[in-house]
Amino acid sequence: MASSFARILSSKRKVGILSLVGAGSLTVGFFLNREQHVNAGAHVRRIYPASAEYPDLRKHNNCMASHLTPAVYAKLCDKTTPNGYTLDQAMQTGVDNPGHPFIKTVGMVAGDEESYEVFADIFNPVIKERHNGYDPCNMKHPTDLDSSKIRGGQFDDKYVLSSRVRTGRSIRGLSLPPACTRAERREVERVVIDALAGLKGDLAGKYYSLTLMTEQEQQQLIDDHFLFDKPVSPLLTCAGMARDWPDARGIWHNNEKTFLVWVNEEDHTRVISMEKGGNMKRVFERFCKGLQEVERLIQERGWEFMWNEHLGYILTCPSNLGTGLRAGVHVTLPRLSKDPRFPKILDNLRLQKRGTGGVDTAAVGNTFDISNLDRLGQSEVQLVQTVIDGVNYLIECEKKLERGQDIKIPAPISQFK
Amino acid sequence: MGSKHRGSDPKDCYLFSHTDRRKSAIMTKNCNNAYKLKFAVEEEYPDLSQHNNHMAKVLTKDIYNKLRSKETPSGFTLDDCIQTGVDNPGHPFIMTVGCVAGDEESYEVFKELFDPIISDRHGGYKPTDKHKTDLNFENLKGGDDLDPNYVLSSRVRTGRSIKGFTLPPTNSRGERRAVEKLSIEALNSLDGEFKGKYYPLKDMTDKEQEQLIADHFLFDKPVSPLLLAAGMARDWPDARGIWHNDNKTFLVWVNEEDHLRVISMQKGGNMKEVFKRFCVGLQKIEDVFKKHNHGFMWNEHLGFVLTCPSNLGTGLRGGVHVKLPKLSTHAKFEEILTRLRLQKRGTGGVDTASVGGVFDISNADRLGSSEVQQVQLVVDGVKLMVEMEKKLEKGESIDAMIPAQK
């Protein structure tokens, strides 16, 4: 049953569960039955006018800086969410980090679910820019975790070294990592590990708390490349996500080491399904099954994930809204990667490349991390299919080049289906 | 917080009357303290089991429970004070303080936390003790004859907070800019040997930046997690800057770890001159701030009020860069320093190692003795250590010279 903790928090909102369908079809849709405007919290106490507080963004290049006009700032700077989160807090990371050399960063975060509504005047244009034109005001996001719809998805192991799908989930009623108190963070940990303890079969596993981990456990997790460290990126630390480290942080993984959950890192949870080789279909099947099981288990206890029909799954960073999904492979493409058409091919396939160390790393040798560009506006099934079709195309190109044949740049695939 | 939909007219948006707004403070970091109080103290109390700093030694669950519902008038809370100490369990070389003040009132509102920390950090200083301020440079004896063959440079620094503004851990951009504006006005009014120029960090030209680096004047965005976790680097480099006089012997940092850091320095060993310039300059600056009804934060118990409790009292660090290759390897070096009430650092400042036998030697005390007294200890102690070094060079023993505990 939900703890008294949960009852205190969820009594503020009325939640109706519209439909709960079994595995194999559209996942649960939650409709929040609430007033038209989310009640903002107490206004911020301030003695300087907005013009004196407006940040100097002249040297900045991030989505927040592109859209935060003095007028928008003045309109929102006195507002707080019901938990007391402010605009200044949401945008602090973007003020402190003017620009990333390779990528235009987002420049703001949400402290709680209500942030996206109370500060909609800045979040909406940021979301629209980051998600290539997706407009939260009038578009709806499809959620689809029915892995049986996937076609193909078993790559040639000669080229694809590993396959991985990750996403995040937030527990409704608890503040997000930039704003959460120690009590909330500990409650997230309790809720999540309670649910994970209920997983069975190939999903059965164990939780390793960062504070209680033994040295031996730590070494094993490092060897498995599972251990996450205290964030060092100023993008994250300036947003307050590393506070109280390592309190209530931990790693859960199944015994087979193919399903992994990070607790209280950049989001409440990060869920990862992975394995060596090219069986993306199986990776995605396990991903969907695991997510749906965890969701069922938390619901049994009176909790649910943050989700709405415009933004999909609510996560800390606006870049991860929608599916929050990054499906990718480590793939060797020695010839294709040297072809000048490679970037354009990726672009048209709506894929992005990274180094094998993850975001902000360079490729080693000829092995690349190739994954979906989009997160919001397409479903999980659609995005994974995009990756599968795209990687197949890349491998075909590589094979053609091996045989001395020429390759073609594919027509650009449409973004919103 | 009401359910009435606020109109678009800005006047509708304020819950507080004009008077309330003038009285109450600027944006708070933790507007959600009221929300947080719904959670039990057991759930909010930080896990300090791996910690080794002054805050962790003092903050029991009882004290946490007692203070968690309090706020300073500007909205600074207990969690704001201690965040840096929670996030930084311990420093490898020094016992860190582990908490900061967000405003002048923090030291009063969170007395139960700060008083024992101050006592631990400042040699048993009691809540009833009074601190003496003495910036009369004429009271310093000697200090003009430290051997320049050994003493490469002399420097005195302190910090000052401007009354009526919150401190770097919590101030908003508007407030920080107001401090900068007042500071520039005060500094631009200086004349004579103090005439100088302000270089804002964000508008600095490449040429100016190179010159300031070459002069060793430029301060960088803090990288120490002790400072970052306390929120002092927010909005960098907005409203931060460096002012120095044309002679490059008097320097003021604006909005780094404190509102102002004031530094007097020169090559060689004439600490007397450095201290005189320090006192005179500080007095002139303070006069301008007082004219605007924004004097320095000071009280008779804590002396000058600064962001970090370690800098209370005089906030003064008077020191020299001195060559002590032989003495520094002597078995009794640490003992001598302790008895002289001095501390050593590398020439890069706190957290650095010494290079080539050259050490930064400065006063260890800040609170409970005056500026004159602290600089006197440096002057007398360094003089003695240079004599010891010379003796060791000649192969002679220094045992007879080891001082008693000051």
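Colleague: How many residues of domain 1 of chain A are in contact with domain 2 of chain A, and how many residues of domain 2 take part?
Modeller: The model is a predicted one. Its chain A is divided into domain 1, residues 50–131, and domain 2, residues 147–403. The centres of these two domains, taken over C-alpha atoms, lie 26 Å apart. The contact between them joins 21 residues of domain 1 to 24 residues of domain 2.

Colleague: Which three residues of domain 1 of chain A supply 34% of the area that this domain buries against domain 2 of chain A?
Modeller: Domain 1 and domain 2 of chain A bury about 1800 Å² between them, and 65% of that is on carbon and sulfur atoms. On the domain 1 side, three residues supply more of the buried area than any other three, with a share of 34%. They are A:E113, A:Y116 and A:H131.

Colleague: Which side chain meets A:E113 in a salt bridge?
Modeller: Across the interface of domain 1 and domain 2 of chain A, the rule finds one salt bridge. A:E113 is also among the three residues named for the area that domain 1 buries. The N to O distance of its salt bridge is 2.6 Å, and the partner is A:R172.

Colleague: How many residues of domain 1 of chain B are in contact with domain 2 of chain B, and how many of domain 2?
Modeller: The assignment for chain B gives domain 1 as 31–122 and domain 2 as 137–394. Their C-alpha centres are separated by 27 Å. The area buried between the two is about 1900 Å², with 66% from carbon and sulfur atoms. In contact are 22 residues of domain 1 and 25 residues of domain 2.

Colleague: Which side chain meets B:E104 in a salt bridge?
Modeller: B:E104, with B:Y107 and B:H122, loses the most area to domain 2 of chain B, and the three together give 34% of what the domain 1 side buries. The count of salt bridges between the two domains of chain B is one. The side chain of B:E104 has an N to O distance of 3.1 Å to its partner, B:K163.

Colleague: Where does A:D247, the salt-bridge partner of A:R186, lie in chain A?
Modeller: The side chains of A:R186 and A:D247 meet at 2.7 Å, N to O. The pair links distant parts of the chain, 61 residues apart, with A:R186 in helix α8. A:D247 is in the loop between α10 (234–237) and β5 (250–254) of chain A.

Colleague: Which residues of α8(A) and α11(A) make the contact between these helices?
Modeller: The axes of α8 (residues 182–196) and α11 (residues 280–300) of chain A come within 9 Å and cross at roughly 115°. The crossing is right-handed. By class, the contact has six nonpolar residues, no polar and no charged ones. The residues are A:V191, A:A195 and A:L196 of α8(A), and A:V294, A:L297 and A:I298 of α11(A).

Colleague: Is the peptide bond from A:W245 to A:P246 cis or trans?
Modeller: Most peptide bonds are trans. A:P246 has its place in the loop between α10 and β5 of chain A. For the bond from A:W245 to A:P246, omega is near 0°, and the bond is cis.

Colleague: Is the peptide bond from B:W236 to B:P237 cis or trans?
Modeller: B:P237 lies in the loop between α11 (225–228) and β3 (241–245) of chain B. With omega near 0°, the bond from B:W236 to B:P237 is cis.

Colleague: What is the value of phi of B:D235?
Modeller: Most residues other than glycine have a negative phi. B:D235 is placed in the loop between α11 and β3 of chain B. It is a residue other than glycine with a positive phi, near 65°.

Definitions and conventions. Residues are numbered from 1 along each chain as its sequence is written. Chains are lettered from A and ligands numbered from 1 in the order in which they are written. This is a predicted model: local features need pLDDT of at least 70, side-chain atom pairs count only at pLDDT 80 or more; totals for chains, interfaces and linings use all residues. Side-chain values use heavy atoms; hydrogens and water are left out. Axes are lines fitted to C-alpha atoms, for helices over the stretch in contact, and angles run from 0 to 180 degrees between N-to-C directions. Helices (H or I, at least four residues) and strands (E, at least two) are DSSP runs, numbered from the N terminus. A crossing is left-handed if the near helix is turned anticlockwise from the far one by less than a right angle, and right-handed if clockwise. Contact means heavy atoms within 4.5 Å. Ala, Val, Leu, Ile, Met, Phe, Trp, Tyr, Cys and Pro count as nonpolar, Asp, Glu, Lys and Arg as charged, and the others, Gly among them, as polar. Domain bounds come from an automatic or database domain assignment. Buried area is the accessible area (1.4 Å probe) that two parts lose on being put together, summed over both. A salt bridge is a side-chain nitrogen of Lys or Arg within 4 Å of a carboxyl oxygen of Asp or Glu.
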